[in-house]
Amino acid sequence: MEHSLFFWSVMGWMVVWGAIGGTVTRHAYFMRDLDVTDARRVGVAVGAATGPFGLIPLYFKTPKLTRLWKVAPWFGVLGLFVLAFALSDPGNVCVSSGSFLTSQIANGLIMGTIYGLMALGLALIFSIIGIVSFSHGEFYMIGGMVVYYVTAVLLPGWNPLLAVLMACALTFCVGALFERAFLTPIYDGRVERPIEYSILVTFGLAFFLQYLVQGLGGANPVKADAFIELPRWRWPADGSVIVTSRANITLFDTIFVSTPRLMAAVVSILALAALIWFLFRTWWGKALRAVAQDRQAAAVTGIDPRIMNMLAFGLGCMLAGLAGAVLVQAFSWLPQTGTIPALRSFVIIVLGGLGSLPGAFVGGILMGMIEAAGAGCIPDPTRAASYLPAYGMVVLTLVLLLKPTGLFGRKA
Amino acid sequence: MTITLEANDIRKKFGGLQVLKGLSFRIEGPELVGLIGPNGAGKTTLTNVLDGAIKPDSGIVRLNGQRIDPLAPYEVARAGLGRTFQVTRAFRRMSVLENLYVPAMAMGRARSPRDCHDQAMEILEFLTIDHLRNEYGRALSGGQQKLLELGRLLVLNPDVYILDEPFAGVHPTLMATIYKWIQRVNGQGKAIILISHQMESIFTLCSRLLVLNYGDLIADGVPSVVKNDPAVIEAYLGHDEDMSGTGMVSLKEDSHA
Amino acid sequence: MIRSLPNALGALGVAFLLGFPLLYAGGNYDYVMHLWITAFFYAILASSWALLAGYGGQFSFGHMAFMALGAYSAGLLDNYVVLSSHATGTCTEIGLFGSWLVLVDPTGVSTSAVNCLQQARGVWPEGVTTSRLPLLLSILIGAGVGGGFGWLIGTLVLRLRAAYLALFTVGFSEILRAAISAEVWLTRGQAGLPMSPIFPEGVTIFGTFYASNAKLPVYYVMLGLFLLTLVILISLARSRIGLFLRALREDEDAAEALGVDTVKYKRTVFVVTAMIAATAGVVQGHYVGIITPNTLILLQMALVIAMAVIGGLENVVAAAVGAIIISFGLEFLRNDFIIFGERVDMSTWRLVFFGLLLMLTLRFLRNGVIHGGLLWLERRAVGAETVAKRRATPKSGTEEAK
């Protein structure tokens, strides 16, 4: 980075004024007997985005904090951040190359869709059973492993989508069986502290599954073939709109997308459509949503909550398995592969508000964009890749400090 | 020195809902005050504000002249305000005796269990649960857990007691013990705020009633006057509360203590 | 009589551990000592985690991160801070009572780069001596760094409920691992940071000289640390702090309403257990001779949790005993064997087995194996006493209420 001192001074300026803004604005609203629910957050954003220039009028005018006030300053913060970055590092490929930037955004969207799908599983489990599963990453890993072993070892030459379906079926069954065998005591008060019990027991499952797979398949990385190989094709003849090669698609000469990832995103979107159809159009899906909204009321109407718990846990694990199954063609796969995606899913559901399904999906897209920005723009590429899990944690810390209910969370 | 608890213009909003709309009252010395109101009137929120668990948006609470609204709950407890919870909150995996040691040691009155064992035993005998002293909190029945909570408050020995629904789900024989407990505390010159839906108990025990409705204090006075207050009757009848069941109507004029 | 059994067993166990290295005459002396040292290391971690999770109800997954913070602090001091009797002239250095505290510039994993100390050595006269900081000082610094981060994490997660706390600490641990792997110039990344032995010049105990790679002195250092940890943890658990921790674990709001400063005690338990873990990390790092970011993988944390849970979460001694037994168990299950002509890689399958054991213990033996056993003994004792009392007094029951 050329002018790193400049960049970090701007960051420092933003943090200091954000902190001042939060305290001062809340104080101002408090003194005038106004609604203080959002005052601190708005103050932080206005302070960080504009420094004293926005804070002083805010302090004296104390306007009613409409939706515009709650959202717009954050875009200011983002803008200032981007501006500071661009000015301090004009040579960065993120700043100088529009093509790279659009490709990163496209990739962020694609990966974000898959992240969202995986996080949706975790959010589904949380919304029905009220626990966070610490074995989510292992189901992701198993999904990928099943597809690899089916396509490369057991049934080579078969349609890979069949393998994806098998991965879904297996992860669903393992999840549902585990729920029956180990999670039932938390519903009827047989354990003193159900949340802690569920954390430890799902963590135990993660440990068990990870080494079970390692014991069965070995610890070496495996990689599945791409589901489809595109024919070489360009249109129009000079390739100014679309050019395909075996592993890449180029749009408008500027956006480069890898085919396996694009395929994964396409399957994810289809799966998502199927999930929405299931949740909103079928009796089982409606029953699930009913249980998520009001357990007791649902039980009164004749929905058996025990079956719903099992279904929810199985479905949640299946979504993780599906995410792994479609991504195994894009990355090499290890028994330990699940740790970082699991962590990412946690961050996403906290970001989206624990238990909110739309929140989980939007959070996933956001997370995809953040990671694409982090991995693409941080000057030292090897370091940028090493810190991949850290981007999510920075976001998590900010969310927990500023809005613990998440972006879309219902008020507790 | 007389015990005083003053609340001055307490306001609290949750999101857009104004739960407390500027409450003011003053409670003194050996007073037994009933705090009543229909569900959602703001009773529990008020308790949490007084206790320090929730910070009010504005307003001042003073205990014996000391401002307590900015304090954390544990500081409020040390300043002299003790409360029970609507749902019993016994420490479930600690013995009954250990439950009583917690406030004694938190207040710094005892350095080790030995220092407060005698006091704890005296209180357990008073509450007639001394035979359960080594049982875990979770082994106690719901009513016994309520008694245990009251016992913890005796150890804490605050100046003002707030009891949130102490009679809910309590067996009649244990009820007598709670009455005895209230008389003992009141006899020491302490103030008690009693929140209950059981109007009979409220009318038997309390010398003064505060009635909350939608965050407003709609009545404050002796029970015989309050229960004929049109605003109070409206608040209850207007929300389909069965007055005959609560004893609001059927009680005789001179029934209060 | 049954009641005093655990105490008697405990005293016997301590006596056994103290005498063991002197009396052991079997084969593989160094290997057996190594097993004990490792077992003590895990016992320290498992018992301190038991205080944090079992007593305080704070299910943190960051315990190994605190351990690694301690180990890396000591490792960095060991590699980059040197006490010298002569000024180097090339490094950053501070004069201290006639000797110099030299800060060596890190050169990462590059083998060709020469650091300032090596340059200085080339031109120094004969007889210049250099040494690392005293072990006790680096233990103090390591514990301080661990405790400092414990305070920070404890403060950040104060208001978080169980699931958030667990997520946050998993994340903290992963970030630390990422940072250590990425900052190769300082930590040497995956290559690992070498560390000098606990007694670099060897040590003489009661007239017997032990070389720097001898196991016996290390055994006593680790055992001493282990026993000290147990003393600290037990006295904490039995003190008012233990009582308050259990109260806030059961019900934070109620504890607060009874005058317990929950914030203070939660933070205290975080800091104390983080310091204990960090200290264990310093000693283990010096003993093993190298510290790598792989000590931070979740497997290690899972092992510590499994040990504490199987031993018994709510009893620090039970957790420690569980850790020692499992640590040995893992070692004995290490040998591969051949079944139906297939070689079974036990280094993996033993972990599968432990994952399953962890789940089954959680599900069916909620108090753990060892703590559960102790509780069972206690119930037997109470039962026996009651029967004896009943026999002694002809009148039953009613009398006892008085």
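Mentor: Let us begin with Ser327(C), which has a relative accessibility of 10% and counts as buried. Please bear in mind that this is a predicted model.

Trainee: Why is Ser327(C) called buried?

Mentor: The label requires a relative accessible area under 20%. Ser327(C) has 10%, and therefore counts as buried. The residue lies in helix H13 of chain C, residues 316-332. Leaving out residues up to four places away in sequence, Ser327(C) touches Thr38(C), Ala39(C), Tyr42(C) and Met307(C).

Trainee: What makes Val226(B) buried?

Mentor: The cut-off is under 20%, and Val226(B) stands at 3%, so the residue is buried. Val226(B) belongs to helix H8 of chain B, residues 223-226. Apart from neighbours within four places in sequence, Val226(B) is in contact with Leu209(B), Val211(B), Ala219(B), Asp220(B), Gly221(B) and Val232(B). Leu209(B) is 17 residues away along the chain, with 7.1 Å between the two C-alpha atoms.

Trainee: How do you know that strands E9 and E10 of chain B are paired?

Mentor: Pairing requires at least two bridges. Strand E9 (residues 208-213) and strand E10 (residues 216-221) of chain B are joined by 5 bridges, so they pair, and they run antiparallel. Val211(B) in this arrangement stands opposite Ala219(B) in E10(B). The hairpin has 2 residues between the strands, and Tyr214(B) takes a positive phi near 45 degrees there.

Trainee: What makes strands E2 and E4 of chain C edge strands?

Mentor: The open sheet has 4 strands in the order E2-E3-E1-E4 of chain C, with antiparallel pairing. Strand E2 (92-96) and strand E4 (130-131) each pair on one side only, and are the edge strands. Within the sheet, 4 bridges join E1 (residues 81-84) to E3 (residues 99-103) of chain C, and Leu83(C) has Leu101(C) as its bridge partner in E3(C). Helix H3 of chain C, residues 63-80, lies across E1 and E3, at about 45 degrees to E1(C).

Trainee: Why is the pair of Arg93(B) and Glu314(C) called a salt bridge?

Mentor: The side chains of Arg93(B) and Glu314(C) meet at 2.6 Å, so the pair qualifies. Both residues also belong to a network of salt bridges with Arg249(C) and Glu250(C). The rule finds 5 salt bridges across the interface of chain C and chain B, where the contact takes 19 residues from chain C and 23 residues from chain B. These two chains bury about 2,100 Å² between them, 59% of it on carbon and sulfur atoms.

Trainee: What makes Arg152(B) and Glu149(B) a salt bridge?

Mentor: Their closest N and O atoms are 3.7 Å apart, and the limit is 4 Å, so the pair is counted. Both residues lie in helix H5 of chain B (residues 142-156), 3 residues apart, about one turn of the helix. Arg152(B) is buried at 2%, and Glu149(B) is buried at 4%.

Trainee: Which parts of the chain does the salt bridge of Glu31(B) and Arg208(B) link?

Mentor: The side chains of this pair meet at 3.1 Å, N to O. The pair links distant parts of the chain: Glu31(B) is in the loop between strands E2 (17-28) and E3 (32-36) of chain B, and Arg208(B) is in strand E9, 177 residues apart. Both Glu31(B) and Arg208(B) are buried.

Conventions. Residues are numbered from 1 along each chain as its sequence is written. Chains are lettered from A and ligands numbered from 1 in the order in which they are written. This is a predicted model: local features need pLDDT of at least 70, side-chain atom pairs count only at pLDDT 80 or more; totals for chains, interfaces and linings use all residues. Side-chain values use heavy atoms; hydrogens and water are left out. Contact means heavy atoms within 4.5 Å. Axes are lines fitted to C-alpha atoms, for helices over the stretch in contact, and angles run from 0 to 180 degrees between N-to-C directions. Buried area is the accessible area (1.4 Å probe) that two parts lose on being put together, summed over both. Buried means under 20% relative accessible area, exposed over 50%, partly exposed in between (1.4 Å probe, protein chains only).
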